[in-house]
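Here is a friendly set of notes to read alongside the model.

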Amino acid sequence: MQPRIFQAFLMCLLLTFLPLGVSSCSTGTSGRQQFSQDVQDKLNKAVDAKRAEFGVPGVIVGVWVPGKGEWISCTGVGDIGTGTGPTIYDHVRIASITKTFTSTVILQLADEKRLKLTDTLDMYDLDVTVPNRDKITIRNLLNMTSGLFNYTNDENFWSKFLADPTAAWIPKQLVDMSIAHGVVAPPGQGYDYNNTNYVLLGMIIEKLTGNTVGTEIKSRIIDKLGLQNTSFPTTAEMPVPFMHGYMPDSVAGGDTRGQAVIDMSMESPTPFFTAGGMISDLMDIKTWLQALASGMLLSPEMHKEQLTFASPNTSSYGLGVMNGGIFIGHSGEITGYNSSAYTQAGGNGATIIVFINRYPSKIEGAADQFTSEIINVIKDLIQQ
């Protein structure tokens, strides 16, 4: 569940054109402007090539360039058991895209003067004894500079999770696994993508509001934007319909190159909590990206903070948002699912969303590779 930051790669692709892929799914968008047939053919070819290269069963893709056209495609297999293809209506686990929701709630609480980004962890009674808690700030958690150990890098975490994927975890268990490793760096000194940070942010949300984080995300974001297919679940079930998620049968042995045949759709979201536990679908994530990019749920001050990409040692991460050159958004990886969701700042530009139903893949950030190939095709259509 550790997305690749691919700013440099995207910026390079915008400078060099490599001609590349339309299977389409029912979208209910008849009458809307479509890309030319030539562009659609190239998009179809690009997606099919990446699906074959990475051994991905199924792909759901949405591409929108205002004033130029749109393209939505559902290809491959969404359920190996039945052989049915994915659809635009399928739910997927969005993994670390969850962080964009978590960070937005934290920044809303800052707007409400219920916290400050300079607050340190020792100001909150979270029932965990975090190293450097008197020095780690909320900003450090948001921009991945806490210096804490990432609990999903602990082999024991994955052994326990894969032994019983539907088992419920509590946030304290996740943080305790991190604490057991001590610290990896002084707070604020270096960027290190870290799921522990976002679990702690979820715990802070619950401490401050007295509500579950799912309740806060629903009332503050989901309900306000009318996201009917987005949820912060607490059980392993998937809402119907859904694209099944798969991992290679060799993962337990450390090999990610095998066929993706083990169905991981029904897995507990609790081991990933506010770092990666949410579920959504294509059109909801499009709506969310536009709201995120426009800052409509935050004050101008907090929106600027969220999109300030100045963490130590990287310009690729803001406060819960990834920087992909002219695009912002987030990627996500969780067993069975990999996603890449990016749009242009301001909320009125090009948007690219890719959901694939395989993780781990043959490489990290496979969904981002799909996005990169799509940019190859449409880069001349994008307003820069």
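**Notes on the model**

1. The second largest pocket has a volume of about 200 Å³. Of its 14 lining residues, Glu206, Phe232, Thr234, Thr270 and Phe273 are the closest to its centre. By class, this lining has 8 nonpolar, 5 polar and 1 charged residues. Here Ala, Val, Leu, Ile, Met, Phe, Trp, Tyr, Cys and Pro count as nonpolar, Asp, Glu, Lys and Arg as charged, and the others, Gly among them, as polar. On a 1 Å grid over the protein atoms alone, a pocket is an open set of points with protein on both sides within 12 Å along at least five of seven lines, a cavity is a set where a 1.4 Å probe fits but cannot get out, and lining residues have an atom within 4 Å of a point. Grid points are joined across faces, edges and corners, and a volume is the space filled by probe spheres set on the points.

2. A word on provenance: this is a predicted model, in which local features need pLDDT of at least 70 and side-chain atom pairs count only at pLDDT 80 or more, while totals for chains, interfaces and linings use all residues. Residues are numbered from 1 along each chain as its sequence is written, and side-chain values use heavy atoms, with hydrogens and water left out.

3. What lines the largest cavity? Its lining consists of Thr104, Trp288, Ala291, Leu292, Gly295, Met296, Leu297, Leu298, His303 and Gln306, around about 50 Å³ of space. Helix H10 (282-294) and helix H11 (300-306) are the elements that give two or more residues to this lining, and H10 provides the largest share, 3 residues. The lining has 6 nonpolar, 4 polar and no charged residues. Helices (H or I, at least four residues) and strands (E, at least two) are DSSP runs, numbered from the N terminus.

4. Helix H3 (residues 98-111) packs against helix H8 (residues 213-225) at an angle of about 80°, with the axes 10 Å apart. H3 is therefore roughly perpendicular to H8. Phe101, Thr104, Val105, Gln108 and Leu109 of H3 make the contact (heavy atoms within 4.5 Å) with Glu216, Ile217, Arg220 and Ile221 of H8. Axes are lines fitted to C-alpha atoms, for helices over the stretch in contact, and angles run from 0 to 180 degrees between N-to-C directions. Angles under 35 degrees count as roughly parallel, over 145 as roughly antiparallel, 65 to 115 as roughly perpendicular and the rest as oblique.

5. For helix H6 (residues 171-179) and helix H7 (residues 195-209), the packing angle is about 140° and the axes are 10 Å apart, which means that H6 is oblique to H7. Pro171, Leu174, Val175 and Ser178 in H6 meet Thr196, Val199, Leu200 and Met203 in H7. By class, the residues of this contact divide into 6 nonpolar, 2 polar and no charged.

6. Finally, the backbone deserves a look. Most residues other than glycine have a negative phi, and most peptide bonds are trans. Ala95, in strand E3 (residues 92-95), has a positive phi of about 55° although it is not a glycine. A cis peptide bond with omega about 0° joins Val240 and Pro241, and Pro241 lies in the loop between H8 and strand E4 (246-248). Tyr359 and Pro360 are also joined by a cis peptide bond, with omega about 0°.
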